Amino acid sequence: MLATFDATAPVFLLIMMGYALFQSKLIGAEVWAAVEHVCFYLLFPALIVKTLSRANLAALPIAEFASVVLIAVLLMSTLLLAARPILAKRYDVSGPTFTSLFQGATRFHGFMALAIVGSLYGDPGITLCAIALGVMIPVLNILNVAVLAVYGAHEGAPTPLTVFKQILRNPLIVACAIGFALNLTGLPNFIYTAIDIAGGGGLGLGLLAVGAGLNLSRATETRALVAVGVLIRLIGMPVFMILLAWAIGLTGLPRTIAIIAGAVPTASTAYVMARKMGGDAELMANIVTFQVLMAALTLPLFILIAENL
């Protein structure tokens, strides 16, 4: 337990440092927006390309691993859609509110997942995390855009072509494709070193940006719905990963990475999606903030469980 805490504590310490820096006004909001932009479009893609380009993919149970993370996402999505009429009738959950609960339960924080996996398991863990990104991001984009289009408060809905273009332009998806291609063709050492230097700076900056995006002053609003969002994501999703890994026979590091992918908070970009597509943006901001805070307790627990199954 102490080793798990020692490995995850620096992650959350960096998050709180980012929050403290943002609150101190030493670094302006526009700079934090630029930091997140650079991490998302350059540093994290570089990390993925560097890792996948020289990973021994043949030694990994990719089919079993991808099946676990994909089925978990689809299962959670199906259960939430099935429960929507009950939530609407019994708890007066509106369409926009449901979209925020849905995003909070299904999306996952790629920044945090990569940072934690990288610090704990190095390149082998990052390779599996990149595969999880490659599997989950297209599916999650399609599901969440569809749910927002149906239940969000908006005048127009995105077309299937728009959703497809969003997926193709996602820098993490592009990085996965480039990494897999370079794994087959090879990569010159000087280019690999340059990409390695760029990618190495992403993990710390990404965590600081996560902290800067927290809004603790509003985290106690809509407490009941926020609690539901926290429980579904931080408890329900990793439990699904554990059960599916057991059913499919996934073991070792791939199982641990799948559980971590399920146990990290929802993506911070969920707030942007909610604001732009008619979701409950205020609830989404509260869910994102509270999930990050509570993950400091739940994530080390599930890592410990994963490593001792």
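The largest pocket of the predicted model has a volume of about 860 Å³. Its lining consists of 25 residues, and among these Phe-40, Tyr-41, Arg-107, Asn-170 and Thr-269 are the closest to the centre of the pocket. Two or more lining residues are given by each of the elements α2 (29-53), α5, α6 (160-169), α7 (171-185) and α12 (269-276), and the most is given by α5, with six residues. When the lining of the largest pocket is divided by class, 13 residues are nonpolar, eight are polar and four are charged.

The second largest pocket holds about 520 Å³ of space. It is lined by 22 residues, of which Glu-36, Ala-212, Gly-213, Leu-214 and Tyr-271 lie nearest its centre. Here the elements that give two or more residues to the lining are α2, α9 (202-212), α12 and α13 (281-307). By class, the lining of the second largest pocket comprises 13 nonpolar, six polar and three charged residues.

In soluble globular proteins, nonpolar side chains tend to be buried together. In the present model, the largest nonpolar core contains 91 residues, of which Ile-15, Ile-48, Phe-65, Phe-108 and Leu-114 touch the most other members. Helix α5 provides the largest share of this core, 19 residues. The surroundings of Ile-48 can be described in detail: when residues up to four places away in sequence are not counted, Ile-48 touches Leu-114, Ala-130, Leu-133, Leu-172, Ala-175 and Cys-176.

Gly-134 is placed in helix α5, which covers residues 110-151. Apart from residues up to four places away in sequence, Gly-134 touches Ile-173 and Cys-176, both of which are buried residues of α7. The C-alpha atom of Gly-134 is separated by 19 Å from that of Thr-185, which lies 51 residues apart from Gly-134 along the chain.

Helix α7 itself has 15 residues and reaches 21 Å from its first C-alpha to its last, which is close to the 21 Å expected at 1.5 Å a residue. Within α7, the residues Pro-171, Leu-172, Ile-173, Ala-175, Cys-176, Gly-179 and Leu-182 are buried. The C-alpha atoms of Ala-177 and Leu-207 are 25 Å from each other, and the two residues are 30 residues apart along the chain. Just after α7, Gly-186 takes a positive phi of about 95°.

Most residues other than glycine have a negative phi. Lys-25, by contrast, is a residue other than glycine with a positive phi, near 70°. Lys-25 is placed in the loop between α1 (2-24) and α2, and this lysine counts as exposed because its relative accessible area of 62% is over 50%.

Definitions and conventions
Residues numbered from 1 in each chain as written. Predicted model: local features only at pLDDT ≥ 70, side-chain atom pairs only at ≥ 80, totals over all residues. Heavy atoms only, no water. Helix = DSSP H or I, 4+ residues; strand = E, 2+ residues; numbered from the N terminus. Contact = heavy atoms within 4.5 Å. 1 Å grid on protein atoms, 1.4 Å probe; cavity = no way out; pocket = protein on both sides within 12 Å on 5 of 7 lines; lining within 4 Å. Points joined across faces, edges and corners; volume = space filled by probe spheres on them. Nonpolar A, V, L, I, M, F, W, Y, C, P; charged D, E, K, R; others polar. Core = buried A, V, L, I, M, F, W, Y, C linked by side-chain atoms within 4.5 Å. Buried < 20%, exposed > 50% of the residue type's maximum accessible area, 1.4 Å probe, protein only. Expected span 1.5 Å × (residues − 1).
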